[in-house]
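Reader: I would like to learn how to reason about ring contacts in a protein. Could you take me through them step by step, with the structure in view?

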Amino acid sequence: KNGTQQQHAAFLEQHVSSAIWKAFIVETKHDQDLLYRLVREERNISINVILVDRVDEFHRPYNDGRLRLFKERYGITGYLDELYDGPDTVMQALRTQSKIHHVLVGDQKT
């Protein structure tokens, strides 16, 4: 993958809101309720909890032909979510909350 890990991290950090970075991701409604009760209600600490109870298929905004054209003409290298690996639930949360699968990333030419 083109670019450095530091550049890739900066892209993600700039795109994803701080509220998402501070959020807890849970996989069940029970876990969401439990975490909310223990932290928010019993300790009175504000938290954001994202429930990802399934990993969905996702669709890209551009078809393969259009993306190929962007790569050739404008130096686009791909989508932001392609720069990272992570647990499916975390990637699903980032796609759902921050649309990282819609963000195009370029090279030095872009």
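Author: Let us begin with a single side chain in this predicted model. Tyrosine 74 has a relative accessible area of 43% and is therefore partly exposed.

Reader: Which kind of pair do the rings of phenylalanine 70 and tyrosine 74 form?

Author: Phenylalanine 70 and tyrosine 74 lie four residues apart in helix H4 (residues 64-74), so about one helical turn separates them. The centres of their rings are 6.1 Å apart and the planes stand at 50°. Planes under 30 degrees apart would count as stacked and those over 60 as edge-to-face, so this pair is tilted.

Reader: Is phenylalanine 70 buried or exposed?

Author: The relative accessible area of phenylalanine 70 is 13%. Because buried means under 20%, the description that applies to phenylalanine 70 is buried.

Reader: Which residue has its charged end over the ring of phenylalanine 58?

Author: Here a charged group sits over a ring, at 4.0 Å from the centre of the phenylalanine 58 ring. The charged end belongs to arginine 95.

Methods
Residues numbered from 1 in each chain as written. Predicted model: local features only at pLDDT ≥ 70, side-chain atom pairs only at ≥ 80, totals over all residues. Heavy atoms only, no water. Buried < 20%, exposed > 50% of the residue type's maximum accessible area, 1.4 Å probe, protein only. Phe/Tyr/Trp six-rings, centres within 6.5 Å; stacked < 30°, edge-to-face > 60°. Helix = DSSP H or I, 4+ residues; strand = E, 2+ residues; numbered from the N terminus. Lys NZ or Arg CZ within 6 Å of the ring centre and 35° of its normal.
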